[in-house]
Amino acid sequence: MQQKRRIISILFSIFIIISLFFLPAAGSETGTDEQETVLKASWGSSGGDWGFPSPLTFYPRGPGYIMTSYCFDALVWPNETGDMVGLLAGSWTSSEDGLEWTFQLREGVTWHDGEPFTANDVAFTYDYIKGKASISPIGSAWYNTDIIESVQALDDHTVKIKLNQPYAPFMQQVVAVVPIMPEHIWKDVSDPSKYMEKDAAIGTGPFILEDYNKDQQSYKYTANENYFLGKPVIDTLIYVKTSDAVMSLKTGEIDQAGLTLDQVKALNDSDKMKVINGPGYWVYRLRFNIPSNNILNNTDVRKAIYYSLDCEDIESRVLHGGGIAGNPGYVPPYSSWYNPDVAQYTYDIETANKMLDDAGYQNKDMDGIRLDAAGKRLEFQLLYTSDQQSQRLAELIQSYLKDVGIGIVLKPGDMKTVDGLVEAGNFDMAIYSHGTSTDPARMLNSFPTSTGWNNSEFMSLAKEQMGTMDENQRKALVDQMQVLIADNVPTIPIMYRNVYSACNQEKLDGFFYTPDGVGGGVPTEYNKLVFIYGTSGVNNSENSGNSTANTADSIGILGSIAIVACAFVLMARKQQ
């Protein structure tokens with residue numbers, strides 16, 4: 001009898017021990033249903049360092065603004081259809097003359113450090129950026145605050161903005177662009193261009209900056225769990241540089257990247273990769289140093305160069321159908337502002353040669369390069385970035401211009417070097433590739449600055465169209481601006497590149513191209529709303545199935561032990 005009790009006691013001890021072993025295991029498997037989701041993206045070989053992601057320190061190109069937008073919110077933002085939706089502003093109204101705008105702000109919004117967001121932060125931001133424009137080039141280059149007369153916080157959640165003149169694209173080019181900054185952090189910062197402490201990246205945005213490495217050209221963000229639109233579907237967002245985006249996608253080194261059409265084809269229709277595309281508003285243009293080069297200051301010479309280039313052939317050789325030939329009026333044909341009735345420069349080598357002869361360059365040297373009256377060669381240095389497309393484009397331009405007796409000396413460099421030389425005016429001609437804003441206020445009004453072409457009639461039209469609130473009247477003015485551009489050739493838009501993006505659907509699905517771009521017109525798939533409304537593929541049904549199976553196995557083992565134990569108990573009672 002004593003021995004049987006001992007056996008039963010041992011069996012129950014074993015049962016308890018095994019229960020303690022298996023039950024936590026089953027519970028932990030259930031817990032892994034919410035795994036950390038990490039998305040690694042890359043801008044590719046064009047560059048990975050886009051500056052410290054704060055409103056006045058990012059590198060002033062589209063990617064720099066995007067990296068900043070993850071941490072900072074504007075009052076409004078474009079959604080998937082291009083319509084403006086509220087971010088920090090829940091609603092807004094304007095006066096009939098368009099001079100006063102009142103924004104009702106969301107309540108309960110906090111900064112990354114937990115401090116409350118209020119209307120005072122909005123008023124502070126606009127005043128601060130306007131006052132610091134002369135210190136930080138981003139202030140004057142990216143944010144148009146000159147039209148703002150005053151910004152007043154009426155209460156904690158109401159802001160009134162008064163303009164000093166009507167401004168047609170105010171919502172698209174100002175309100176949806178200016179990132180709101182926390183007053184409690186920035187109020188004592190005298191030089192924002194040098195302030196790159198971790199607190200400088202504190203915003204209200206969907207992501208919090210964890211690490212920025214200038215040398216490795218990498219960024220790491222973590223999800224803002226308290227974001228007012230909901231926690232992002234990605235826990236960690238990482239940007240790294242890669243020399244071969246296609247190979248990195250195939251090996252899983254990265255999950256997402258912007259690509260060219262050739263790179264899309266090289267993916268070989270991978271089942272995991274979802275590819276999207278859209279009109280890029282990304283232009284490759286030939287830029288002339290009009291102010292400093294007397295020869296290129298001659299409109300007929302620039303026209304002759306245009307006639308010398310077969311832009312359709314160049315596009316097919318460089319982008320292989322991943323874009324379209326440029327428009328002499330500069331505005332892409334897929335834009336609602338496009339004017340087709342402008343001067344055209346179809347490839348015509350005879351016309352080009354005659355124009356150069358008439359300009360005084362009839363004689364040639366032994367190399368076939370034209371000479372001026374003093375015997376100086378008609379030769380220019382061509383500056384360009386050393387990416388594959390720009391390299392091929394530069395070689396084709398060199399070849400085409402040699403056919404009409406113009407010598408080209410190639411000078412490649414990285415993007416920041418080229419940008420710096422062009423900005424300083426140290427160039428003859430340059431291949432300049434960049435996104436073009438969808439609104440004429442940025443797309444065209446910047447021509448005097450971006451080309452050195454100071455045409456009084458053009459500048460008068462530029463000023464008038466910005467203050468014209470009637471869209472049809474504004475379109476007529478923009479049409480005239482395009483006519484002037486085509487007639488004077490201050491720059492040659494050689495081609496527009498379509499944009500493509502590939503992403504591993506098992507990580508994230510939902511990328512899209514915003515019709516009119518973000519940040520005033522940046523053509524990118526990185527609209528931050530994708531990280532709110534997209535779908536993360538990590539927590540899939542397969543993981544859930546494994547968890548259920550493991551739990552069932554554990555329950556089965558426990559059940560078997562329980563049955564054996566109960567059998568022994570019944571036998572013992574029966575023998576009693």
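A residue is taken as buried when its relative accessible area is under 20%. In this predicted model, Thr68 has a relative accessibility of 1% and therefore counts as buried. Thr68 belongs to helix 2, which spans residues 62–69. Beyond its neighbours within four places in sequence, Thr68 is in contact with Pro53, Ser54, Pro55 and Phe58.

The same cut-off applies to Leu163, which is buried because its relative accessibility is 4%. Leu163 lies in strand 7, formed by residues 158–163. With residues up to four places away in sequence left out, Leu163 touches Gly98, Leu99 and Trp101, as well as Ile147, Ile148, Glu149 and Phe170. Asp146 stands 17 residues from Leu163 in sequence, and the C-alpha atoms of the two are 8.9 Å apart in space.

The discussion now turns to the nonpolar interior. In soluble globular proteins, nonpolar side chains tend to be buried together. The largest nonpolar core of this model comprises 86 residues, among which Leu75 and Tyr126 touch the most other members. Helix 3, residues 119–131, gives the most to this core, contributing seven residues. Tyr126 touches Leu75 itself, together with Ile148, Val151, Ile161, Val174, Val175, Val178 and Ile180, when residues up to four places away in sequence are not counted.

Cysteines deserve a separate remark. A disulfide is a covalent bond between the sulfur atoms of two cysteines. The structure holds zero disulfides. Cys311 has a relative accessible area of 9% and is therefore buried. Cys503 is likewise counted as buried, because its relative accessibility is 4%.

Open space in the model is considered last. Rolling a probe the size of a water molecule over the atoms shows where empty space is left. The second largest pocket has a volume of about 470 Å³. Its lining consists of 24 residues, of which Gln172, Trp337, Asp439, Arg474 and Asp516 are the closest to the pocket centre. Helix 5 (170–175) and helix 17 (471–488) each supply at least two residues of this lining. Divided by class, the lining of the second largest pocket contains nine nonpolar, 11 polar and four charged residues.

Notes: Residues numbered from 1 in each chain as written. Predicted model: local features only at pLDDT ≥ 70, side-chain atom pairs only at ≥ 80, totals over all residues. Heavy atoms only, no water. 1 Å grid on protein atoms, 1.4 Å probe; cavity = no way out; pocket = protein on both sides within 12 Å on 5 of 7 lines; lining within 4 Å. Points joined across faces, edges and corners; volume = space filled by probe spheres on them. Helix = DSSP H or I, 4+ residues; strand = E, 2+ residues; numbered from the N terminus. Nonpolar A, V, L, I, M, F, W, Y, C, P; charged D, E, K, R; others polar. Core = buried A, V, L, I, M, F, W, Y, C linked by side-chain atoms within 4.5 Å. Buried < 20%, exposed > 50% of the residue type's maximum accessible area, 1.4 Å probe, protein only. Contact = heavy atoms within 4.5 Å. Disulfide = S-S within 2.5 Å.
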